[in-house]
There are 2 protein chains.
Amino acid sequence: MVTLKQLAEQLNVSVSTVSKALHESEEISKDTIDRVKALAKHLNYQPNKVAISLKSNKTKTLGVIIPNILNHFFAKVLFGIEEEATKKGYDIIICISNESYTKELQSLEVLGNGSVDGFIISIAEETQIKNQIQHIESVLQQDLPVVMFDRVSDVINCDKVVIDDFGAAYEATKHLLNEGRKQIVLLSNIEELSVGKLRVNGYLKAIEEASGYKSVPILVHIRSNDDLEASIDAMYKQYPKLDGILSVDNTTGVVALHKALKKGIKVPKDLSIIGFSDENVLPFTDPKLSTISQHAPDIGKASVDVLIERIKKGKPDHFQTKTIKTNLTLRATTK
Amino acid sequence: MVTLKQLAEQLNVSVSTVSKALHESEEISKDTIDRVKALAKHLNYQPNKVAISLKSNKTKTLGVIIPNILNHFFAKVLFGIEEEATKKGYDIIICISNESYTKELQSLEVLGNGSVDGFIISIAEETQIKNQIQHIESVLQQDLPVVMFDRVSDVINCDKVVIDDFGAAYEATKHLLNEGRKQIVLLSNIEELSVGKLRVNGYLKAIEEASGYKSVPILVHIRSNDDLEASIDAMYKQYPKLDGILSVDNTTGVVALHKALKKGIKVPKDLSIIGFSDENVLPFTDPKLSTISQHAPDIGKASVDVLIERIKKGKPDHFQTKTIKTNLTLRATTK
DNA sequence: CTGAAAGCGCTAACAG
DNA sequence: CTGTTAGCGCTTTCAG
C-alpha cells in the first residue's frame, strides 16, 4: 500500500502538505493540490483505514449480532443492514450468536475493543429466556451505542426497531373472525421469544373482543425438540373442528397447509391459514399462503439509520423506538 | 476505553513495562507482572485492536463477499465461515454483491485499504457472465490473499474451495439410471453459473455412458424472469413420459415434486426426483426429497482454514484447490 | 502557502 | 529488571 510519506518523498514536499492537499485545504496552493492529486491517482493511493481509525477514534464500522443466519427473517434483515450501511459508507462486522448467550457476550467483548462504532443486535433465545442483559448494559456504559431489533428487551434503555407484533396478530385474527371462523388456533414454534409472546397476546385480545365467538383461545406451541410434522398431525386430531390457523412463525403455517391438503381439508373453504412466513416459502405452497409481511429489509435499514444517527449525535435525553409497519397480504389460503 | 498509559500512570511505571508485563515477558519481574495484571483486570483493560492493527499491519479480519445472502446455500456457507473464523480469532466483514459486478468491485476496493488480511469470495453472476476478473487480480497483486469458493474462475490463480459438482451430478444421474428410469430430465435455474454448467456436464456424461438408455438428454433451463411454476407445468406437458428428474438447484426440485403430486403422479413409483436442495426445504416436502448434500458449512470452514494458512505462509509456489465431498442422500423421492 | 512536531495506542529495539 | 525512544499512517495545531 502506498502511503502519504511515499507521495511526499516523490514530490519533495512534507507529509502534512500532502495530507492537506488531498483534503483540498485552503492553505495549499492550487498548483500543489493538483500535483499531489495527480500522483495520488497515478499510484492509486488509498488512505489507510486503520490509521484513520486510530487517529479519529472512529472505525466507520458497525457490529451486527444476529441469532441465526439460517433463519430467513434474519438473513433479510441483514440484507437490509448491509445495503444501508454500505450506502452510508460503513462496513459491517457480523457475529452469529447461534442463540447462545455466551457467544453473544463474547462477540460484544471482542468487538467492544474499538473495532466498531456501535452495535445492532437481536438477542439470542438463551439471553431472552435467562433475561441476562448485563453484557449489553456494559457496552452502553462504554458509550458505545446499541440498537436492538426484533427481539428486544424492555429493561434495556437504548434505541429499538420493532414491528408491531401485537397489532399484526390482532389484525390477522380479526380477519379470520370476520370470515366467520368458529375455532381459530394459534400455532407457534417461538413461544419463548418476546415477539412470540406479543403475537400470542394480539391473538388473545382479538379473540377476547369477539362477540359471539364461542370457542376458547387455543394455543398450540411446538418446541424445538418436538417433531414438527407429528405435532401438527396431533393438532388436527385434537381439534377436528378447527377452521382457522394463525401461525406466528416462518414454518408451521406452511406445514399446517400441506398437512391439511393431504387430509383433504378444503383450503380456504373449510380452513383459513395465515402465516408470518417469508415470501421464500411461497413457491412451496399451493394454494399460496396468506401472510403477514414483516418488511425485514426495512427493519435492517431503519436499524442502521437509527444507529448512525446515534453515533453522530451521542447520548440523547431519551431513546427512540421505531415501529415498522406490517402488511396483511391475503393470498389464497384465506377467503 | 482504558489504555496502557493509564495503567502505567496508576502504577508509576512506564508504558513499555506495562506492555511487556501483560505479555508476560521474561524481562519483567514476577511481582510487577502480577501488579500490572491485577490492575488491568480490575479496570477491565482491553488492548485497542485498531492500534495493534496499525502496528502489526494485520487486522485479524477477513473480508467475505457473497453474492446473495437470501440464498440458503450462501447463508450456510457464511455460517461455517463465521464459526471457523471466530474459533481462530478472526472477525469477518461481510459484503453482499447482490450478484452485481460493480458492487463486488467496490467491496474489494473498500476493504482493500488495510481493513482485512484477505478475502473469501464467491463471485457474482454478472461477474461470471461477463468474465470480468481484473478486480480480483488486482487484489492478488497487492499481496492480499483471496480464496474463491463455489463459483470460481478458472483463469484466476488463487486458492479455491469447491464441491465436486460434476461428480455429484454424475452419481445422481447414475442412480436414476440404475433405478431403470427411461427418460431423465435435468432441471436447472442456474444455467449461467459455473457450478450449473458442471452439473449439467455430469448429467450428460452419465447419460452418454448409459448403455441401453434410449432417450436423448433433456435439459430444462428456467431463467430468472420465467414463471417458475408455469415452466414446470410446461415441462410435464412437453415430456409426458419423463420418469426421472435431476434438479441442480435449491428450488426447482421441490416445485417439480409438488406439481407431480398434484397431477397424481406417483413418487417414487412412476417418477424419481433428486435435488441439490438444502435441508431447509425438507419440511415442505412429502414424500421427503432425495438430495445431494453439499455440506455448505464445511465449504465455509475450509475456506477460512485455507485463507488463514495463506495469510500466515504468504504466496506459495502453487495454489491449492480443495474439493469438499458431497453425499447423495436418498430419502423418499427415489426408489 | 508549507513544514515541523505532536499524538492516537501499541510494540520492540536499545540503553541503562 | 525497567525506561527511553522510535515508529506504524494519519491529522492537526502551531511556526515559519
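I begin in chain B, where strand E6 (residues 184-188) and strand E8 (residues 244-247) run parallel and are joined by four bridges. Strands here are DSSP runs of E with at least two residues, helices are runs of H or I with at least four, and both are numbered from the N terminus. Two strands count as paired if DSSP finds at least two bridges between them. Within this pair, B:Leu187 stands opposite B:Ser247 of E8(B).

Before I continue, a word on the basis. This is a predicted model, in which local features need pLDDT of at least 70 and side-chain atom pairs pLDDT 80 or more, while totals for chains, interfaces and linings use all residues. Residues are numbered from 1 along each chain as its sequence is written, chains are lettered from A and ligands numbered from 1 in the order in which they are written, and side-chain values use heavy atoms, with hydrogens and water left out.

The two strands belong to an open sheet of six in chain B, with the order E7-E6-E8-E9-E10-E12 and mixed pairing. Strand E7 (218-221) and strand E12 (327-329) of chain B are the edges; each has a single partner strand, so one side of each lacks a neighbour in the sheet.

Now to the two chains. Chain A can be laid on chain B with an RMSD of 0.2 Å by a turn of 180° and a shift of 0.1 Å along the axis; the superposition is by least squares on the C-alpha atoms of residues with pLDDT of at least 70 in both copies. This is the relation of a two-fold axis. Among the residues of chain A, A:Ile93 comes closest to that axis, at 2.2 Å (C-alpha).

An N or O atom in the side chain of A:Ser19 is 3.0 Å from a phosphate oxygen of DNA strand D. For B:Ser29, a backbone N or O atom lies 3.1 Å from a phosphate oxygen of DNA strand D. B:Lys55 places a polar side-chain atom 2.7 Å from a base nitrogen of DNA strand D.

Finally, H2(A) gives the largest share of the surface near DNA strand D, with four residues.

Note on methods. A polar contact is a pair of N or O atoms within 3.5 Å; within protein, one must be able to donate a hydrogen and the other to accept it, and residues adjacent in sequence count only if both atoms are side-chain atoms.
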